[in-house]
Amino acid sequence: MNIIIVGCGRVGRSIAEQLNTEGHSIIVIDENPEALERISDTQNVMAIQGNGATYSVLREAEIDSCDLLIAVTATDELNLYTCLLAKNAGVSSTIARVRNPEYISDVEIIKDDLKLTLAINPEYTCASDISRLIKYPGAVKISSFSKGMIDFIKIKLTDKTPITGRRVADCASVLKGAIRICYVERAGDFHIPNGDFILKEDDLVSLVVPAAEAAKFLKMMGALTNRSRSVIILGGSKIGFYLAKILRAAGVSVKIIEKDPRRCEELSEDLDGVMIINADAMDEDLLLSEHIDSADAVVCLMDTDEENLLASLYAKQVNPKAKIVTELGNLKFSSVVDTLPLDSVIRPKQLTGEYIIRYVRGMQNAVGNNVETMFKMSGDRAEALEFVVRERSAVTGVPLSRLNLKNDLQVVCISRGGRVIMPGGGDTIEKGDRVIVITKHKGLSDLRDILR
């Protein structure tokens, strides 16, 4: 596909990199020559310097042959205007990043009038993910499939976890329910385990669990601690704003520490019932005086990865029982970050890229059995994909044991008519199903791609 990306900040660069690996033709527009030079030096993309919200620049980017335009500049209004301009130039699909909380509900109402295909708010998406982690503090990561019916849960095994030391095939008697072990991360290696794979202490194990049984499962694994009643947020970013709103609505006591006095005033005006403290969150004495050592959860959302990493490590040292969530903007050095004693890491740029790639793959096969949900795992070494089966094909009506599936691929779950199935070799995929697949193969856009 021919894709134009307007805006080459960290989000635009991340999206361009991910779409480039998918094999698309990418043109990036930005007014900053240094940003364009950085991406053109490392990626096979065309870079155009200029204002992407002008028709002359879009015409230089060959807007007439563009399949999709993505506007991710720092300004919401500019993104919306660029998409409107692109639509009027004949582009069939447009995506805008809209971050201002005041615009979110309005954009949904007038999306058709704006001729906008999709509006993305990565900060709200991140805040929602963090709130789930705080709700289930024993989980390292939680993602949702099948419109919230199925949870994808990652836990870290300890010497007390009931499945530690067991073969995967023997875990069913312990798990007792519709639960499937999908993949295991161990010492930097990634495994899609077979029945003989033995689980060990410190393994990061990801499982598919019906959402209604998530709390019961985590309690069984010894990973469900007491409900978080007090949360400290370090940094008053947009993610922090959305997170505070979500947590307050759930009855959680929230405290935000932010060093910018102007931002503190804005937060105080917009957040009822949230304590806003104007101070430097990198001050150890300040953190102790605000009782970071007794909080149920600490969320680090400051301006730099270095600050977030240091604050997270300090919070874990003084409060080992707390749930610590760390925001990281840099997608590099994942192998180093994975070795640090961090509870949960949130990467907003990666989430935005995943969201857009999922949409692009759906565009590529809009009438077939296309991808509806996608999560990248273990950095970028594997993907969890949810396909919606809209038509019969070579994969439907045939027992899974008779399908010639690709290596390093597993069909882990089928959702059918509100029922969750953990399939065996005799089960079949049928029209109307939602099918979750784990694979090391990249670029799958149709369910038929699971076949060799």
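An open sheet of 5 strands, in the order 7-8-11-9-10 and with antiparallel pairing, is found in this structure, which is a predicted model. From one strand to the next, the twist averages 20°. The structure also holds 5 aromatic pairs, and some of the rings are linked into a cluster.

- Strand 7 is joined to strand 8 (residues 150-156) by 5 bridges, and the two run antiparallel.
- Within this pairing, Ser144 stands opposite Asp151 in strand 8.

- Tyr124 belongs to helix 6 (residues 122-135) and Tyr242 to helix 9 (residues 238-249), so the pair links distant parts of the chain, 118 residues apart.
- Tyr124 is partly exposed, with a relative accessible area of 40%, whereas Tyr242 counts as buried at 7% relative accessibility.

**The aromatic cluster**

- Phe145, Phe152, Tyr183 and Phe190 are linked into a cluster by ring pairs.
- Phe145 and Phe152 form an edge-to-face pair, 5.5 Å centre to centre and with 80° between the planes.
- Buried means under 20% relative accessible area; Phe145 counts as buried because its value is 1%, and Phe152 counts as buried because its value is 6%.

Technical notes:
Residues are numbered from 1 along each chain as its sequence is written. This is a predicted model: local features need pLDDT of at least 70, side-chain atom pairs count only at pLDDT 80 or more; totals for chains, interfaces and linings use all residues. Side-chain values use heavy atoms; hydrogens and water are left out. Two strands pair if DSSP finds at least two bridges between them. Helices (H or I, at least four residues) and strands (E, at least two) are DSSP runs, numbered from the N terminus. Axes are lines fitted to C-alpha atoms, for helices over the stretch in contact, and angles run from 0 to 180 degrees between N-to-C directions. Rings of Phe, Tyr and Trp (its six-membered ring) pair if their centres lie within 6.5 Å; planes under 30 degrees apart count as stacked, over 60 as edge-to-face and the rest as tilted. Buried means under 20% relative accessible area, exposed over 50%, partly exposed in between (1.4 Å probe, protein chains only).
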